[in-house]
Amino acid sequence: MNLYDFDKTIYAKDSSIEFLLFALKNKTLLVLPNFLKFTLIYLLYKMNVVSKIKVKEAMFSFLPKIKNPEHFLAEFWCDKKLDDWYLKQQDSTDIIISASPRFLITPILNQNKIKRIIASELDPKTGLFLSKNCYGEEKVVRFKKQYPKAKVNSAYSDSISDMPMLNLAKNKYLVLRKKHSVQIKNIDTIN
């Protein structure tokens with residue numbers, strides 16, 4: 001099996017930020033007060049005063065105000081797609097491991113027949129985390145819990161912060177983005 005990070009790896013952008021901006025554009029009056037709160041908490045995070053989970057909860061704090069979240073998610077994903085490089089090599093055994101909330105990325109993954117998803121658990125009705133943020137070493141903890149005897153052939157990520165996940169694989173790849181192109185580099189061969 002192969003492991004893939006989601007944001008900026010098999011999907012070109014950061015889905016959480018995109019979703020927040022989509023909400024701000026389409027539900028401005030509902031989201032603006034929460035956006036201002038998010039901005040303040042993000043600044044506190046940058047000063048090491050609050051945790052990354054608090055930032056993400058602030059980011060998604062507008063969710064309780066959305067009357068039909070499933071429809072809103074469908075609108076968000078309607079014109080988006082996974083990267084072509086991934087779709088060309090996609091396999092039924094692939095596992096997507098992401099720090100993004102499961103509720104957010106599941107629609108596009110299901111649309112592409114991807115069923116194996118390990119992600120941060122966030123309640124879309126409250127915007128609050130139900131689990132640890134699925135980031136760094138936590139990706140490995142969750143993977144090993146769900147697939148204790150699995151052998152990983154290849155792992156892909158856009159970030160060295162995913163090194164714990166990448167180290168599970170025989171082949172480790174870094175996904176590098178330049179303006180309109182994607183380069184996949186084997187980490188073991190990067191100088």
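A few ground rules come before the tour. Residues are numbered from 1 along each chain as its sequence is written, and side-chain values use heavy atoms, with hydrogens and water left out. Since we're looking at a prediction, local features need pLDDT of at least 70 and side-chain atom pairs count only at pLDDT 80 or more, while totals for chains, interfaces and linings use all residues.

**The big picture**

Let's start with the fold. The protein has eight helices and eight strands; these are DSSP runs numbered from the N terminus, with helices (H or I) having at least four residues and strands (E) at least two. Its C-alpha trace spans about 50 × 35 × 35 Å along the principal axes.

How does the radius of gyration fit a compact globule? For 191 residues, such a globule would come out near 16 Å, and the protein has 17 Å, which agrees. The radius is taken over C-alpha atoms, and the globule rule is 2.2 Å times the number of residues to the power 0.38.

Of the 191 residues, 46% count as buried. Buried means under 20% relative accessible area, exposed means over 50%, and partly exposed is in between (1.4 Å probe, protein chains only). The protein exposes about 10500 Å², with carbon and sulfur atoms supplying 57% of it; the areas come from the Shrake-Rupley method with a 1.4 Å probe, and for residues only the protein chains shown count as cover.

Now for who touches whom. Take the contacts (heavy atoms within 4.5 Å) between residues at least 6 apart in sequence: 58% of them join residues at least 24 apart.

**Charges and their pairs**

The protein carries 32 positive and 19 negative charges, and their mean positions are 1 Å apart. Here Lys and Arg count as positive and Asp and Glu as negative, while His and the chain ends are not counted. Each charge is placed at NZ of Lys, CZ of Arg, CG of Asp or CD of Glu.

Side chains of opposite charge can pair when their charged atoms come close. How many salt bridges does a search of the whole structure find? It finds nine, a salt bridge being a side-chain nitrogen of Lys or Arg within 4 Å of a carboxyl oxygen of Asp or Glu. Here are some of them:

| Pair | Closest N and O atoms |
|---|---|
| Asp79 and Lys80 | 3.2 Å |
| Asp84 and Lys81 | 2.5 Å |
| Arg102 and Glu121 | 2.6 Å |

In the Asp79 pair, Asp79 is exposed at 61% relative accessible area, whereas Lys80 counts as buried at 16%. Asp84 is partly exposed at 42%, and Lys81 is partly exposed too, at 49%.

Arg102 is partly exposed at 27%, and Glu121 is partly exposed at 26%. Elsewhere, salt bridges that share partners join Asp5, Lys139 and Asp162 into one network.

Most residues other than glycine have a negative phi. Asn48 is not a glycine, yet its phi is positive, about 60°. Asn48 lies in the loop between helix H2 (28-46) and helix H3 (52-59) and is exposed at 71%. Lys113 also has a positive phi, near 60°. Lys113 sits in the loop between H6 and E3 and is exposed, at 69%.
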